[in-house]
Amino acid sequence: MHLVLLALLCLAATKIGGIVWLRRDFVSKTYTFVGEDYPRVWPIKWPERQVLIPVHDTVRYQLETDDGAAEWSASLPGDGIIYLGECRPYTIGMFHQIRCLDILRKALVGVQSRNTSIQHDPENRDIARHCMGYLRQMVLCRSRSYIDPVLGYPQPNAHPDTDQCRDWTAVYQEAKWTHQRCGKT
């Protein structure tokens, strides 16, 4: 009888300890935003709904037009900076990725307009190299297994039709709020 009670007590203590240990990572923490003391994920409230996005070629975000450049610029509110804590500046992966796409767009247009190689432009070459590596890592890190049909032979081309995503408008709303809160509008 004592052995059974001891076993149940040990089991209960183990279960309670496990729950406390697992919950420690999910308990809301207060950050100082000094040095390395900041959340690694921006704690915004995501809407429950998902967004269906048609994946197709678009007339927007063109490589070499003034309208395209303006659209790329507008896709980074406040130059892609958010403000947390006592208005300390940060960026998030989504904005970093959009910035990198725009940097690669500008590099491609520059190479095309000068009819030269990016190797002759060390400043842009280095940032373009960073962006290629960063985007490759993010594609691998955030990879998804949606199946895209492949059409065309002998030169196959993937043709996804629709994708389901988080509603990214929440990110833009929260970014705008951090700018207003910190007087950066």
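Tutor: A disulfide is taken here as a pair of cysteine sulfur atoms within 2.5 Å. By this rule the count comes to 2 disulfides. The model is predicted, and its confidence is taken up at the end.

Cys-87 is joined to Cys-182, with an S to S distance of 2.1 Å. The pair links distant parts of the chain, 95 residues apart: Cys-87 sits in the loop between β2 and β3, and Cys-182 in the segment after α5. The torsion about the S-S bond of Cys-87 and Cys-182 is about -90 degrees, so this disulfide is left-handed. The two partners fall into separate burial classes. Residues under 20% relative accessible area count as buried and those over 50% as exposed, with partly exposed in between. Cys-87, at 28% relative accessibility, is therefore partly exposed. Cys-182, at 13% relative accessibility, is therefore buried.

The other disulfide joins Cys-100 to Cys-131, with an S to S distance of 2.4 Å. This pair also links distant parts of the chain, with Cys-100 in helix α3 and Cys-131 in helix α4, 31 residues apart. The link of Cys-100 and Cys-131 is left-handed, with -70 degrees about the S-S bond. Both Cys-100 and Cys-131 are buried. When the bonded cysteines are numbered in sequence order, the pairing is 1-4, 2-3.

Two further cysteines can be classed by the same cut-offs. Cys-141 has a relative accessible area of 58% and is therefore exposed. Cys-165 has a relative accessible area of 17% and is therefore buried.

Helix α3, which carries Cys-100, spans residues 93-114. Its 22 residues reach 31 Å from the first C-alpha to the last, close to the 32 Å expected at 1.5 Å a residue. Besides Cys-100, the buried residues of α3 are Phe-95, Ile-98, Asp-102, Leu-104, Arg-105, Ala-107 and Gly-110. An α-helix has 3.6 residues a turn, so residues three or four places apart point the same way. The cover over the buried residues of α3 includes α2 (66-74), β2 (82-84), α4 (122-141) and α5 (169-181). Just after α3, Asn-115 takes a positive phi of about 50 degrees.

A polar atom of the His-179 side chain lies 2.5 Å from the backbone oxygen of Ile-81. Leaving aside residues up to four places away in sequence, His-179 touches Pro-77, Gly-78, Ile-81, Ile-82, Tyr-83, Lys-184 and Thr-185.

As for confidence, the protein averages a pLDDT of 82, and 82% of the residues score at least 70. Strand β3 (residues 88-90) has the highest confidence, at 96, and helix α1 (residues 2-23) the lowest, at a mean of 47.

Note on methods:
Residues are numbered from 1 along each chain as its sequence is written. This is a predicted model: local features need pLDDT of at least 70, side-chain atom pairs count only at pLDDT 80 or more; totals for chains, interfaces and linings use all residues. Side-chain values use heavy atoms; hydrogens and water are left out. Helices (H or I, at least four residues) and strands (E, at least two) are DSSP runs, numbered from the N terminus. The expected span of a helix is 1.5 Å times one less than its number of residues. Buried means under 20% relative accessible area, exposed over 50%, partly exposed in between (1.4 Å probe, protein chains only). Contact means heavy atoms within 4.5 Å. pLDDT is the predictor's confidence in each residue, from 0 to 100. A polar contact is a pair of N or O atoms within 3.5 Å; within protein, one must be able to donate a hydrogen and the other to accept it, and residues adjacent in sequence count only if both atoms are side-chain atoms.
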